[in-house]
Amino acid sequence: PAPLEDVQRAVRFVRHHAKQYGLQPMSLGALAGSSGGHLTGLAAMLAAPGINDDPDPVNRQPATLQCIVLRAAPTDFTKLLDSAGVAALMELPSGSPATVRAYAAASPIAHVSRSAPPTLLLHGDADEVVPYQQSVAMEAALRGVNVPVKLVPVPGGAHGPDFAARGQTRSDLAIYTAEMVRWFDQHLRSSAASR
């Protein structure tokens, strides 16, 4: 659980120091892709409360996010049992019932609830590392509990920060950047204004 705990600690740290950074402490969003998207999605879905009796004031802050953008994120490890990347992350032998349970527990989709934050999903439909279906399933799960969600498919998009195949560039990247900015503006500015 160390990578997840690191993300939760980072959210708590930013929230604790929000006034120093000129931020609204209860209007935090996150953008991450691939494995970082997995961890951000998992942290957001778990929405860990603050640890009230912790001697460290940072840990007393909740590790919650009010809005997220996940780019090509693996959201259901149980559908990736044969993935070498997931196996390396999980450090578990494949095939055992305990492994399947651990993969489920580490999957953001398994923790979707009505309290999940608004989620924008960006995913290339030609991604050969993390199947596009991962974002399709996550969108359906969030929609099923009435959480604001939007899936933006990137036609011909590969895996990577700019959705381009190795050695190529995409001329339409600004379109997807604008989608992210609109999502954050819509969901974070409105929550900050209501405070």
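Analyst: Helices, of at least four residues, and strands, of at least two, are DSSP runs numbered from the N terminus. The model discussed here is a predicted one.

User: With those names in hand, where is Ser107 placed, and is Ser107 buried or exposed?

Analyst: Ser107 belongs to the loop between helix H5 (97-105) and strand S3 (119-124). Buried means a relative accessible area under 20%, and because the value for Ser107 is 0%, this residue counts as buried.

User: Which residues is Ser107 in contact with, apart from its neighbours within four places in sequence?

Analyst: Contact is taken here as heavy atoms within 4.5 Å. With the neighbours within four places in sequence left aside, the contacts of Ser107 are Leu42, Thr75, Asp76, Phe77 and Thr78.

User: What is the strand order of the open sheet, and which strands stand at its edges?

Analyst: The open sheet has four strands with parallel pairing, in the order S1-S2-S3-S4. Each edge strand has a single partner strand, so one side of each is left without a neighbour in the sheet, and these edge strands are S1 and strand S4 (149-154).

User: By what angle are neighbouring strands of this sheet turned against each other on average?

Analyst: The average for neighbouring strands of this sheet ignores their direction.

User: How many bridges pair S1 with S2, and which residue of S2 is the bridge partner of Ala30?

Analyst: The pairing of S1 and S2 is in the parallel sense and extends over five bridges. For Ala30, the bridge partner in S2 is Ile68.

User: Why is S2 described as largely enclosed, and which of its residues point the other way from Cys67, Val69 and Arg71?

Analyst: S2 is largely enclosed by the rest of the structure because five of its five residues are buried. Cys67, Val69 and Arg71 point one way from the strand, and the residues pointing the other way, likewise buried, are Ile68 and Leu70.

User: Which strands does helix H3 lie across, and at about what angle does helix H3 run to S1?

Analyst: Helix H3, made of residues 34-46, lies across S1, strand S2 (67-71) and S3. Its direction relative to S1 is about 145°.

User: Which strands does helix H6 touch, and what angle does its direction make with that of S4?

Analyst: Helix H6, residues 133-144, packs on the sheet and touches S3 and S4. The angle between the directions of helix H6 and S4 is about 165°.

User: Where is Ala72 found, and what is its relative accessible area?

Analyst: Ala72 is found in the loop between S2 and helix H4 (84-90), and its phi is near 50°, a positive value in a residue other than glycine. Ala72 is also buried, its relative accessible area being 0%.

User: Which residues make the nonpolar surface patch, and what is the relative accessible area of Leu23?

Analyst: The nonpolar surface patch, of about 270 Å², is made by Phe13, Tyr21 and Leu23. Leu23 is found in the loop between helix H2 (18-21) and strand S1 (29-33). Leu23 is partly exposed, and its relative accessible area is 36%.

Note on methods. Residues are numbered from 1 along each chain as its sequence is written. This is a predicted model: local features need pLDDT of at least 70, side-chain atom pairs count only at pLDDT 80 or more; totals for chains, interfaces and linings use all residues. Side-chain values use heavy atoms; hydrogens and water are left out. Patches are made of residues with over 30% relative accessible area and no salt bridge: like charges are joined within 9 Å, nonpolar side chains (Val, Leu, Ile, Met, Phe, Trp, Tyr) within 5 Å. Accessible areas come from the Shrake-Rupley method with a 1.4 Å probe; for residues, only the protein chains shown count as cover. A salt bridge is a side-chain nitrogen of Lys or Arg within 4 Å of a carboxyl oxygen of Asp or Glu. Buried means under 20% relative accessible area, exposed over 50%, partly exposed in between (1.4 Å probe, protein chains only). Two strands pair if DSSP finds at least two bridges between them. Axes are lines fitted to C-alpha atoms, for helices over the stretch in contact, and angles run from 0 to 180 degrees between N-to-C directions.
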